[in-house]
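This note sets out comments on the model under review.

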Amino acid sequence: MSNSHTNTLENSQNSSPLTITIRQPDDWHIHLRDGNALTTTVAHAAQSFNRVICMPNLVPPVKTAADAITYRQRIEQALMQTNIDAQRKTQFNPRMTLYFTDNTSAADIKQAAESGIVQAVKLYPAGATTNSADGVTDLKHCTAALDAMQQYELPLLVHSEVTRADVDIFDREKQFIENNLQQIVHDYPELKIVVEHITTGDAADFVLAQKDNVAATITPQHLLFNRNHLLVGGIKPHFYCLPILKKATHQARLLEVATSGNPKFFLGTDSAPHATHAKENACGCAGCYSAAHALPLYATAFDGIGKIDKLEDFCSRFGAEFYGLPLNDTTITLVKTDMTVPATYAYIDDSTLTPLLAGDTLPWSIQ
């Protein structure tokens, strides 16, 4: 479709639902998992997004360029088996990441940068979230790899939380910024860094204070919800994610920067599938699944504060520009008409997958 049709709003004589046509978006942070999970997750992601940055915290993790290549092949095989249309299949472009460990070498970084399919390196502090046991234990072990990432212009994606037991879970992002991220920015001033799924005003202000090589992704759940949604009236396991939802004041600050038109902030759903029985459990898994309805979620958040006109840049422009990639030339249309989020999706081994806001009604839908 012509670029001239992007970012258009229509509401003919107030008789038709409001529609907005935007450039096709990319998801700069998504979990597709592996194996049979790909049947569900790839189909959902490919319906809305062209490029997706695929997280590497598999079992075993994606630690080398060779691992990334074979993982991408499995994603592409799953894509061919979906029933989405042929055009969407050709446009869907999984971009890979390496799982950063204490043993990641400069040679690993060089090979990844030269692979053509590895977009970045993901830093999980050991024990921070799902399948992060192999993550970095001490950044002192990582100087050679970080030097190489800066040299080869391979961005660092950061799960910004400390994991010490003495730090309150609601303060872990702030503590990581103060204790670790400030030092990384100081020591590697030209390294491109994305602070992933930011959850606090502290993180937003940190990103704003840095040069243009530091940016952030924001999830739909952190724009729409705060810790009251998770905890008031009983624990709601499908709102549980890491970093955890924070106070309403932090939610408001994230909405402010996401809708500000500042190119440092862009879409990253952090959509993370867990079977329903694993979420609704005495020790439920962390992660919100939103791949299939992420755009209506974001539209709901932006429109809720009268900023729907800022949606396209956040979803479809700023991330591509940060990564130095061309903007997509296809479009997608959102309609301000109710959609009901499915209660569940089919998942692995006859299990189900419960999406964020399952069974609820959103005011926006994809045309």
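The numbered points below take these topics in turn.

1. Basis of the comments. The model is predicted, with local features needing pLDDT of at least 70 and side-chain atom pairs counted only at pLDDT 80 or more, while totals for chains, interfaces and linings use all residues. Residues are numbered from 1 along each chain as its sequence is written, and side-chain values use heavy atoms, with hydrogens and water left out.

2. The largest pocket. A pocket is here an open set of points on a 1 Å grid over the protein atoms alone, with protein on both sides within 12 Å along at least five of seven lines; lining residues have an atom within 4 Å of a point. The largest pocket holds about 440 Å³ of space, a volume being the space filled by probe spheres set on the points, which are joined across faces, edges and corners. Its lining has 21 residues, and Thr137, Asp138, Leu139, Phe176 and Asn180 lie nearest the centre. Helix 5 (143–152) and helix 6 (172–187) are the elements that give two or more residues to this lining, and helix 6 makes the largest contribution, with 6 residues. Helices (H or I, at least four residues) and strands (E, at least two) are DSSP runs numbered from the N terminus.

3. The largest pocket is lined by 10 nonpolar, 6 polar and 5 charged residues. In this division Ala, Val, Leu, Ile, Met, Phe, Trp, Tyr, Cys and Pro count as nonpolar, Asp, Glu, Lys and Arg as charged, and the others, Gly among them, as polar.

4. The second largest pocket. About 270 Å³ of space lies here. Of its 16 lining residues, Gln119, Tyr152, Glu153, Leu154 and Pro155 lie nearest the centre. At least two lining residues each come from strand 6 (118–123), helix 5 and helix 13 (311–323), with helix 5 giving the largest share, 3 residues. The lining comprises 9 nonpolar, 3 polar and 4 charged residues.

5. Cavities. A cavity is a set of grid points where a 1.4 Å probe fits but cannot get out. The whole structure has 2 cavities of 30 Å³ or more. The largest cavity contains about 110 Å³ of space; 15 residues line it, and His31, Thr129, Leu242, Asp270 and Ala272 are the closest to its centre. This lining divides into 4 nonpolar, 8 polar and 3 charged residues. The second largest cavity has about 50 Å³, and its lining includes His238, Ala272, His274 and Lys279. Here the division is 6 nonpolar, 4 polar and 1 charged.

6. Salt bridges. With a side-chain nitrogen of Lys or Arg required within 4 Å of a carboxyl oxygen of Asp or Glu, the count is 11 salt bridges. Which residue does aspartate 205 bridge to? The partner is arginine 253, with the closest N and O atoms 2.7 Å apart. Aspartate 205 lies in helix 7 and arginine 253 in helix 10 (residues 248–258), 48 residues apart. Asp205, Arg253 and Glu256 are linked in a network of salt bridges. Aspartate 205 is partly exposed at 39% relative accessibility, as is arginine 253 at 21%; partly exposed lies between buried (under 20%) and exposed (over 50%), with a 1.4 Å probe and protein chains only.

7. Lysine 211 pairs with glutamate 190, the closest N and O atoms being 3.2 Å apart. Lysine 211 is in the loop between helix 7 (201–209) and strand 9 (214–218), and glutamate 190 is in the loop between helix 6 and strand 8 (193–195).

8. Aromatic contacts. Rings of Phe, Tyr and Trp (its six-membered ring) pair if their centres lie within 6.5 Å; planes under 30 degrees apart are stacked, over 60 edge-to-face and the rest tilted. There are 9 aromatic pairs in the whole structure. Phenylalanine 266 and phenylalanine 322 form a tilted pair, 5.7 Å centre to centre with 40 degrees between the planes. Phenylalanine 266 is in strand 10 (residues 265–267) and phenylalanine 322 in helix 13, so the pair ties together parts 56 residues apart in sequence. Phenylalanine 266 is buried, at 0% relative accessible area, and phenylalanine 322 is buried at 7%. Trp28, Phe266, Phe322 and Tyr323 form one aromatic cluster.
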